[in-house]
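Open your viewer and get ready to click through a structure one stop at a time.

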Amino acid sequence: MSRDVPYNSFQLVGKYLNYYINSVGKHGVHPPFVFDFITKVLNNRRKYAEYKIASTYFNSLLKNRSSITIEDFGAGSRVNTSKSRKICEIAKGSSQSRRNSELFFRIAKHYNCRSVLELGACLGVTSNYLSLVPNVDHVLTVEGSTTLANVTKSYLSKQVGNSKIKVVNALFDDFFDNYTHSDNKYDLCVVDGNHKYSSTLNYFKKLKSLTHQNSIIIFDDIHWSPGMEMAWKEISGDDAVTLSLDFFRFGIVFFNEKLTKQHFLIRY
Ligand SMILES: C[S@@+](CC[C@H](N)C(=O)[O-])C[C@H]1O[C@@H](n2cnc3c(N)ncnc32)[C@H](O)[C@@H]1O
């Protein structure tokens with residue numbers, strides 16, 4: 001069996017139980033940086049006004065029953081592989097949940113991220129949340145499907161008039177090879193598409209040269225397949241990574257040299 005074939009539901013439940021039993025909350029961690037993350041970012045229950053704005057955008061997508069024909073990138077979608085799909089179904093099946101997007105919002109806010117790169121725009125749900133963080137100056141989001149990229153561009157400009165987001169229509173590999181990045185490195189990167197072992201490791205390698213010591217990278221679906229688990233293990237074990245946090249659905253890595261190398265399963 002290929003390492004990139006996703007786990008079935010039973011395997012995922014088993015993996016989740018294992019994660020849940022071994023995961024820790026604020027009482028299980030001692031490093032001040034991780035304690036600060038859990039208490040001030042993860043467990044921050046404040047209802048930011050921006051959540052409502054981002055949620056309104058998400059809701060409008062969830063109500064849109066028109067169909068579009070999109071290119072399918074295989075491992076990019078767990079739910080529906082057909083080519084003609086309703087916008088509401090794409091929004092429901094492929095976008096990050098509100099809970100995750102709100103957490104990403106708080107991460108960008110707490111760590112004062114200014115420039116954000118997302119691989120996998122889809123309908124722009126996560127990029128919209130991130131662009132609403134006051135300290136974020138710009139969000140560059142990459143989408144391989146031309147139809148999705150165009151729909152997202154027009155949706156974002158019509159619904160929220162959001163000029164902080166730039167949607168680039170490119171395959172991730174082409175983006176890394178051909179896009180001219182400004183001198184500034186990205187403070188926060190979200191890898192949310194093409195969940196294959198070798199591609200994920202390749203993106204990590206490329207992102208390392210586009211980030212700095214205080215950058216943060218979020219990898220989605222780290223337990224989706226044996227290949228993604230292998231990639232996550234190699235990424236968290238990389239010499240440059242000083243802290244890796246496993247939330248089951250996604251993982252976050254930090255490069256801050258002041259931290260002592262550690263890995264935690266965080267109860268989420
Ligand atoms: C899970 S969705 C992203 C969801 C989005 N981050 C959100 O929360 O709103 C993944 C997206 O990545 C795109 N994608 C997958 N593989 C790709 C590749 N190799 N190059 C470019 N885009 C790709 C898919 O078309 C899909 O729209």
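Predicted model: local features only at pLDDT ≥ 70, side-chain atom pairs only at ≥ 80, totals over all residues.

Residue numbers start from 1 along each chain as its sequence is written.

**Whole chain.** Start by selecting everything: there are ten helices and ten strands, taken as DSSP runs (helices H or I, at least four residues; strands E, at least two) numbered from the N terminus. The C-alpha trace spans about 50 × 45 × 35 Å along its principal axes. Buried residues, those with 20 or more other C-beta atoms (placed from the backbone) within 10 Å of their own, make up 41% of the 268 residues.

Next, show the strands. Eight of them form an open, mixed sheet in the order 5-4-3-6-7-9-8-10; strands pair if DSSP finds at least two bridges between them. Now pick strand 7 (residues 211–220) and strand 9 (residues 250–254), which are antiparallel and share five bridges. Zoom in on Phe219, whose bridge partner in strand 9 is Gly251.

**Two helices.** Finally, select residues 49–62, helix 3, and residues 87–94, helix 4. Which residues of helix 3 meet helix 4? Look for Phe58, Leu61 and Leu62, which meet Ile87, Cys88, Ala91 and Lys92; contact puts C-beta atoms, placed from the backbone, within 7 Å.

Note on methods. Axes fitted to C-alpha atoms, helices over the stretch in contact; angles between N-to-C directions. Contact = placed C-beta atoms within 7 Å. Buried ≥ 20, exposed ≤ 12 C-beta atoms within 10 Å, placed from the backbone.
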